[in-house]
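Dear colleague,

Please find below the structure that I am handing over to you. My findings follow it.

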Amino acid sequence: MITKIFEAGVVGAGGAGFPTHIKYGSQVDFLLVNGAECEPLLYTDQREIEDHSHEILAGIELGLEILGAKKAKIAIKAHHKAAVAALKEALEGHDRIELVLLDSYYPAGDEHSIVYDCLGKTLEPGALPSSVGAVVSNVTTLRNIYLASKDLPVTHKKVTVTGEVKRPVVLSVPLGTPISDLISRAGGPLLEDYALLLGGPMMGKMVLGQAIDQAVVTKTTGGVILLGLDHPLITRRRQSPDQLRKQTASACIQCNFCTQLCPRYLKGHPLHPHQVMKAFGLNVEGHPHLDQASLCCECGICELFSCPMGLSPRIVNQLVKKDLRDKKAPKKDYKSQGLDPFEGLRRLPSQTLIRKIHVDKYEALGKPPYEDMEVDYVKIPLSQHIGKPAQPLVAEGDWVDLGQKIAGVDQKDLGANIHASISGQVLRIADGFIEIKGGSL
């Protein structure tokens, strides 16, 4: 099964795209399944569960065997009632799998939160779930494991398209589909000038201007949110590092609200965002508080909810983390300070967050309809995962069939295979992409 997973190009579908054949190369006691879908406005995982609960459970059973695990726990928000009902109906006969119903809080889908809510254990700073005998996987990843057992590779992805579009929708699309095609399928933009968040409103990557036309669906794309350039979620992300430093130096009042609501701090990690902000504002090379930024999970609570001054601790942490990586700074061996006694009281209710970040009008539209989408052109990235990019196995002018492996890595490598998401002719291989034009021989 590890080889089948590798051949199918399965990666973590709900996060950064860690290759699954590497993650499942260990033995653990628990398989924890992330079905929380904690980011506002996204309905991708809910739709996956509602439509494919039996295949997800079959994938979980396979995962249990591969990992040698004794039990699986599916973490899902209780208020996702249709998805919960689908799982409960499908669970008959799966004695080693149970549901863990979560409250509606953010970030319920954070890996550390999943471990704590399912097992009652906290992870040491920087530690992986395997340190407490667990592996965490997204529901779509588990379904893809099942499909891999049938020799079916990863070729499609469900994506929520919402925000300032005429018709919000959840689409199942071939990998490499231009994001602009998804927007057109959603009725087109309601604004002339806009930006995109690829992912959720809290952690999504901002895409602006001409880059919108170049963006495509990958194995980890879960959402496309279209917002005006003046929306607070966009204006914050558009600040330059120099602007951030000046604002931080002049306006941070060291109230420590960002620290008090930080989910990693509340789990016992010695991360104090207000201290990182002070060090960043002082602009002192090698300040000892800067190293804490490496513990940040980048959930965005600190900047989008906590800060009364409208500052951006999350983006500051991102900048500091990048600087630490670029300088190859040695990682400190941080130790847990123990679970904060207020952890359960300081969880951020999802509906409160939705109002605070000004996306309530989109949330009020309710669950969007679901549609399958066919395209006749894809631009497939060779790197849709953490690690080594795949190397092309086809040439320009070749005919490829849906599901054919068109780029690959060695199984021992940290990387993932790539497959044709439509049948057609290879138009171009350049700049880390393989372009395919659909048609017939």
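What radius of gyration does the protein chain have, and what would a compact globule with 441 residues have? The coordinates come from a predicted model. The protein chain has a radius of gyration of 22 Å, which agrees with the value near 22 Å for a compact globule with 441 residues. Along the principal axes, the C-alpha atoms fill a box of roughly 65 × 50 × 45 Å.

The overall composition is as follows. The protein chain contains 17 helices and 19 strands. Of its 441 residues, 55% are buried. Among contacts with a separation of 6 or more, 73% are between residues 24 or more positions apart.

Lys77 lies in strand E2, which spans residues 71-77. Lys77 counts as buried because its relative accessibility is 2%, and the cut-off for buried is under 20%. Beyond its neighbours within four places in sequence, Lys77 is in contact with several residues, including Glu37, Asp103, Tyr105 and Ser350. With Ser350, the contact includes a polar one between the two side chains, at 3.4 Å.

Yours sincerely

Technical notes:
Residues numbered from 1 in each chain as written. Predicted model: local features only at pLDDT ≥ 70, side-chain atom pairs only at ≥ 80, totals over all residues. Heavy atoms only, no water. Helix = DSSP H or I, 4+ residues; strand = E, 2+ residues; numbered from the N terminus. Buried < 20%, exposed > 50% of the residue type's maximum accessible area, 1.4 Å probe, protein only. Contact = heavy atoms within 4.5 Å. Polar contact = N/O pair within 3.5 Å; in protein donor to acceptor, adjacent residues only side chain to side chain. Rg over C-alpha atoms; globule rule 2.2 N^0.38 Å.
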